[in-house]
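Dear colleague,

Please find the structure below, followed by some notes on what was found in it.

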Amino acid sequence: MFTTIDKALTALIMAVVFLLNYFFGFNLGWLTSDAIATVVAALTPFLVWLVPNKKPA
C-alpha cells in the first residue's frame, strides 16, 4: 500500500483495539467484552493477510 510496514501497522492497530477492550471492557449489550476480544483475535490475522506488501522499487 503506502509503506513497507503496512502489515505491522495493521497488527499494531488491532492490538490497540484489543487492549482498549481488555482494560476498558466495552459492552454493547448483545456483544460482550469476551465476544469482542474473540472477534478482534480472529480478525487480526485476516487483516494482516489482506494488507499487501509494498513492492520494492
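Asp 6 counts as buried because its relative accessibility is 10%, where buried means under 20% relative accessible area, exposed over 50% and partly exposed in between, with a 1.4 Å probe and protein chains only. This is a predicted model, in which local features need pLDDT of at least 70 and side-chain atom pairs count only at pLDDT 80 or more, while totals for chains, interfaces and linings use all residues. Residues are numbered from 1 along each chain as its sequence is written, and side-chain values use heavy atoms, leaving out hydrogens and water.

Asp 6 lies in helix H1, residues 6-24 (helices are DSSP runs of H or I, at least four residues, numbered from the N terminus). Between Asp 6 and Pro 52 there are 7.7 Å in space, C-alpha to C-alpha, although they are 46 residues apart in sequence.

Phe 18 is partly exposed at 32% relative accessibility, whereas Tyr 22 is exposed, with a relative accessible area of 59%. The rings of Tyr 22 and Phe 23 have centres 5.2 Å apart and planes at 80 degrees, so this pair is edge-to-face (rings of Phe, Tyr and Trp, the last by its six-membered ring, pair if their centres lie within 6.5 Å; planes under 30 degrees apart count as stacked, over 60 as edge-to-face and the rest as tilted). Phe 23 is exposed, as is Tyr 22, and ring pairs link Phe 18, Tyr 22 and Phe 23 into a cluster.

Best wishes

Definitions and conventions: Helix = DSSP H or I, 4+ residues; strand = E, 2+ residues; numbered from the N terminus.
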